[in-house]
Amino acid sequence: QVIKCKAAVLWEANKPFSIEEVEVAPPKAHEVRIKIMATGICRSDDHVVTGGLVMPFPIILGHEAAGVVESVGEGVTSVKPGDKVIPLFVPQCGECSSCLNTKGNLCSKNDIGSAAGLMTDGTSRFTCKGKAIHHFIGTSTFTEYTVVHESAVAKIDPAAPVEKVCLIGCGFSTGYGAAVQTAKVEPGSTCAIFGLGGVGLSVVMGCKAAGASRIIAIDINSDKFAKAKELGATDCVNPKDFKKPIHEVLIEMTGQGVDYSFEVIGRTETMTAALACCQYNYGVSVIVGVPPAAQNITFDPMLLFTGRTWKGSVFGGWKSKDSVPKLVADYMKKKFVLDPLITHRLPFTKINEGFELLRTGK
């Protein structure tokens, strides 16, 4: 039956979240209803608030979470009520060209590009004050209960701590995978990471795990440097300390430019700087941050002609349903840490305070 619960509804852009009572419909065929136990706040959610990522309103945001299956619709076989799970903003249907290709992970069933904000049948499972509320990239985790498609949920170790492994639903996996999966960083290489939020720090961890010998962390907020060093950064650079462009600074520091660079902010200027700072012939630059809507990049094509590779990475290149349970298992085996990525723990009702902390770089 319908569940009534609390959710943080965003009625329009540039307004605070409103904690409302919503009605969550039961799951239809091949859908799963999840009780959300913990959710992270990601800059991509804030991009919707500010209009940088265009989505339909009203909407329930959130896409980085962990919880327990409450009920399943008919035909669901991969999870059952009581299973501990992570919702997947990049689904894995197992049938589309990206799912079938070993090199691909962006399942065609994703709702990142089309931004319909609805379930696959074109309807919503959320109602508030008699109005249908949109879903966000197939997950919507800023609510006590959500409904996702079966292809967008992964069953994980029942012993995993939800308040930590929720980060495997986006931030950690996105950054760590960008280094180890998308870039395939090699031992002894030099890396530069632009942006030291949770995802950027996860790129630092991925570069270190891959054996990079020099990891240069770049941010305009020097308060982020101590944690970056703790996680493996060998050098920390604040572009504000220099008169010349940051890519020139990095080329001087390394002689040739870096082997691998990562843009983990979502700004066109830093995307071109990251490309320009990597080695002119065999450097690889990866775009990890969500690009801002309606902005294009103008760059000198000679940057690519000489041999550089410019690539993007969604969810760290992982095939989500296959990889998330393995990443959780690796965390349980202490192959990587998540605690340094967690700065605050707040009750759900203080979600607006959480976003203030994000916006102020805390």
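This tour moves through the predicted model one selection at a time.

**Before you start**

Residues are numbered from 1 along each chain as its sequence is written. The model is predicted, so local features need pLDDT of at least 70 and side-chain atom pairs count only at pLDDT 80 or more, while totals for chains, interfaces and linings use all residues; side-chain values use heavy atoms, with hydrogens and water left out.

**Stop 1: residues 12-361**

Select 12-361. An unreviewed UniProt entry annotates this span as "domain: Enoyl reductase (ER)". UniProt positions are given in the numbering used here, feature names are shortened, and annotations may be inferred rather than shown by experiment. Color by secondary structure: the span is 26% helix and 20% strand. Helices (H or I, at least four residues) and strands (E, at least two) are DSSP runs, numbered from the N terminus. The end C-alpha atoms of the span lie 24 Å apart.

**Stop 2: helix H11**

Select 351-359, which is H11. Its buried residues are Ile351, Gly354 and Phe355. They sit on the same side of H11, because they cover an arc of only 95° around the axis. Buried means under 20% relative accessible area, exposed over 50%, and partly exposed in between (1.4 Å probe, protein chains only). The arc is that of the directions from the helix axis to the C-beta atoms.

Now show the cover over those buried residues. It includes strand E1 (3-10), strand E2 (18-24) and helix H1 (43-50). Contact means heavy atoms within 4.5 Å. Step just past H11 to Gly361, which takes a positive phi of about 75°.

**Stop 3: H1 against H11**

Show side chains: H1 contributes Arg43, Asp45, Asp46 and Val49, and H11 contributes Phe355, Leu358 and Arg359.

**Stop 4: Asp83 and its lysines**

The whole structure has 17 salt bridges. Each is a side-chain nitrogen of Lys or Arg within 4 Å of a carboxyl oxygen of Asp or Glu. Select Asp83, which is buried at 8% relative accessible area. One partner is Lys80, with the closest N and O atoms 3.0 Å apart. Lys80 is partly exposed, at 47%.

Another partner is Lys155, at 3.9 Å from N to O. Lys155 lies in strand E10 (153-155) and Asp83 in the loop between strand E5 (65-72) and strand E6 (84-87), so this pair ties together parts 72 residues apart in sequence. Lys155 is partly exposed, at 41%.

**Stop 5: Asp339 and Lys164**

Select this pair next: their salt bridge spans 3.4 Å, N to O. Asp339 lies in the loop between helix H10 (320-332) and H11, and Lys164 in helix H3 (162-165), so parts 175 residues apart in sequence are tied together. Asp339 is partly exposed at 43%; Lys164 is buried at 17%.

**Stop 6: Ser320**

Finish in helix H10, at Ser320. Ser320 is buried, at 0% relative accessible area. Not counting residues up to four places away in sequence, Ser320 touches Leu88, Val90, Pro91, Gln92, Phe315 and Pro325.
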